[in-house]
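Good morning, and thank you for coming. I would ask you to look at the sequence and the structure first, and then we shall go through selected parts together.

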Amino acid sequence: MKSVDQSIHKHLSSQPNQLTKFLSEEFRSSDIAVIEELLPHDLKDALHHEANDLLEASARRRDLVLESTGGTPRAYASVDRNTISKDGNIIKTVFESDAVRQYLSIIAGERLHKVPYQAEEYIINSQEKSGDTHGWHWDDYTFALIWIVQAPDYLDGGRVEYVAATDWDKKNPRKGLCDVLANREVRSRHIDSGCCYLMRANTTLHRVAPLMGDTRRTVIVFTYASEADLTDPNISHETMEQIYAAELQAA
Ligand SMILES: O=C(O)CCC(=O)C(=O)O
Ligand SMILES: [Fe+2]
């Protein structure tokens, strides 16, 4: 898919320097940056279409509580990485794009790498009914890029809530989580459809607040590794192993 990468490269080369600088400052100060125009419009439309088609064809409900993140819920429909890779095209191509990774590396101020754990490369999640949520957690790898395919109505929850500069205490996750929530200010943002956001996800506690109405929120999540992640012996994948147990066993 060389031509797709070329068109992304051309699009990103034409982004104003001021904007890129603004995004990198936003990321440096808050560990999260919302990007409106990471892709040309036709490609973004195709990306969203593919996510909706795959969801319709292959979504599976996840309804669990994860002890590894402090006993927090996951309640949504999702499509796993291998199904997206097998039945899709654009999501995989955008994930693999060197131009996207290079641009995000400028914003992050350090190099982003392809994640060395395939199951976590890209997934589709959709909170689809009242109460659906992606509960509090930290990610395994440093960077997450989340594409908002469909945002919920403003008054119906589904906001991204987060606390930057925090650590996942894997030995005592419940206590670690409660300590952060007791002592730190939680930030909250509605992120509109058509945008994506880059987050320093291994040291930013985050969740998608429960939906409160008959609305829907769909995202595509890309995971990237930092240079340090590539040799970090403490990285483990217990949340993925629980959420995608059936798929991982089948593979
Ligand atoms: O849906 C979102 O905005 C965040 C998703 C997320 O945190 C994750 O998949 O690890
Ligand atoms: Fe996450």
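I begin with Arg 174, which lies in helix H7, residues 173-183. Helices here are DSSP runs of H or I with at least four residues, strands are runs of E with at least two, and both are numbered from the N terminus. Arg 174 is partly exposed, because 13 other C-beta atoms lie within 10 Å; a residue is buried with 20 or more such atoms within 10 Å of its own C-beta, exposed with 12 or fewer, and partly exposed in between, the C-beta atoms being placed from the backbone. Not counting residues up to four places away in sequence, Arg 174 touches Gly 70 and Gly 71, where contact means C-beta atoms, placed from the backbone, within 7 Å. The C-alpha atoms of Arg 174 and Thr 69 are separated by 6.9 Å, although the two residues are 105 residues apart along the chain.

A word on conventions. Residues are numbered from 1 along each chain as its sequence is written, while chains are lettered from A and ligands numbered from 1 in the order in which they are written. The model is predicted: local features need pLDDT of at least 70 and side-chain atom pairs count only at pLDDT 80 or more, whereas totals for chains, interfaces and linings use all residues.

Let us turn to ligand 1. Which residues surround ligand 1? They are Asn 125, His 134, Asp 139, Ala 144, Ile 146, Val 160, His 206, Val 208, Val 219 and Val 221, counted as near when the C-beta atom, placed from the backbone, lies within 6 Å of the ligand. Strands E7 (143-150), E11 (205-208) and E12 (217-225) each supply at least two residues of this shell.

Strand E11 deserves attention. Leu 205 and Arg 207 on one side, and His 206 and Val 208 on the other, are all buried. E11 runs antiparallel to strand E6, residues 133-137, with 2 bridges joining them; strands pair if DSSP finds at least two bridges between them. In E11, Val 208 is the bridge partner of His 134. E11 also pairs in the antiparallel sense with strand E8, residues 160-163, over 4 bridges, and His 206 is the bridge partner of Tyr 162.

Finally, the whole protein. It has 9 helices and 12 strands, and 44% of its 251 residues count as buried. Its C-alpha atoms fill a box of roughly 45 × 40 × 40 Å, taken along the principal axes.

How values were computed. Two residues are in contact if their C-beta atoms, placed from the backbone, lie within 7 Å.
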